[in-house]
Amino acid sequence: MNLSNTLAYLIVNIFHIYLFFLAYRIFFGESRVGREMEFLAFAGFYAVNSFAFLAVGNPYFNLVTSVGPLVALTFIYSGRPGTKILRALFLCAASMLLESNITEHPSAMEY
């Protein structure tokens, strides 16, 4: 992967993680920890996910480093654990579905 592709991935991944942050706010409300800790948790997710993609490059490993932290992040929010995990998995599935649609059908982004 060349430098411009790497930078593009890192920038897009920031927005991707930010969208998960917004979705978690919608689904779970305010976190049980302070804003700083919540930011650090999502920044850690960004770091782990980006490193896994860039260093390992294995799609299955990248899937694990995406789903695992997203499920773990639910525990900084209030609610029943089963419900939080199901919501996190729903968000992961929706994200993967959208991403696969864009990568399989690039013409969808032409409009």
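Tutor: For the classes used below, Ala, Val, Leu, Ile, Met, Phe, Trp, Tyr, Cys and Pro count as nonpolar, Asp, Glu, Lys and Arg as charged, and the others, Gly among them, as polar. The model under discussion is a predicted one. With these classes, the lining of the second largest pocket comprises eight nonpolar residues, no polar and no charged ones. Its residues are Ile14, Ile17, Tyr18, Phe21, Phe39, Phe42, Ala43 and Tyr46. Helix 1 and helix 2 are the elements that each supply two or more residues to this lining. The space within the second largest pocket amounts to about 200 Å³.

The largest pocket, for its part, has a volume of about 1000 Å³. Its lining consists of 28 residues, and Asn13, His16, Ser95, Met96 and Glu99 are those nearest the centre. Two or more lining residues come from each of helix 1 (3-28), helix 2 (35-56), helix 3 (59-73) and helix 4 (81-104). Helix 4 gives the largest share, namely 10 residues. Sorted by class, the lining of the largest pocket contains 17 nonpolar residues, 10 polar ones and one charged residue.

One residue of helix 3 may also be considered, namely Asn62. Buried means under 20% relative accessible area; Asn62 has a relative accessibility of 16% and therefore counts as buried. Apart from neighbours within four places in sequence, Asn62 is in contact with Asn49, Ala52 and Phe53.

Terms used
Residues numbered from 1 in each chain as written. Predicted model: local features only at pLDDT ≥ 70, side-chain atom pairs only at ≥ 80, totals over all residues. Heavy atoms only, no water. 1 Å grid on protein atoms, 1.4 Å probe; cavity = no way out; pocket = protein on both sides within 12 Å on 5 of 7 lines; lining within 4 Å. Points joined across faces, edges and corners; volume = space filled by probe spheres on them. Helix = DSSP H or I, 4+ residues; strand = E, 2+ residues; numbered from the N terminus. Buried < 20%, exposed > 50% of the residue type's maximum accessible area, 1.4 Å probe, protein only. Contact = heavy atoms within 4.5 Å.
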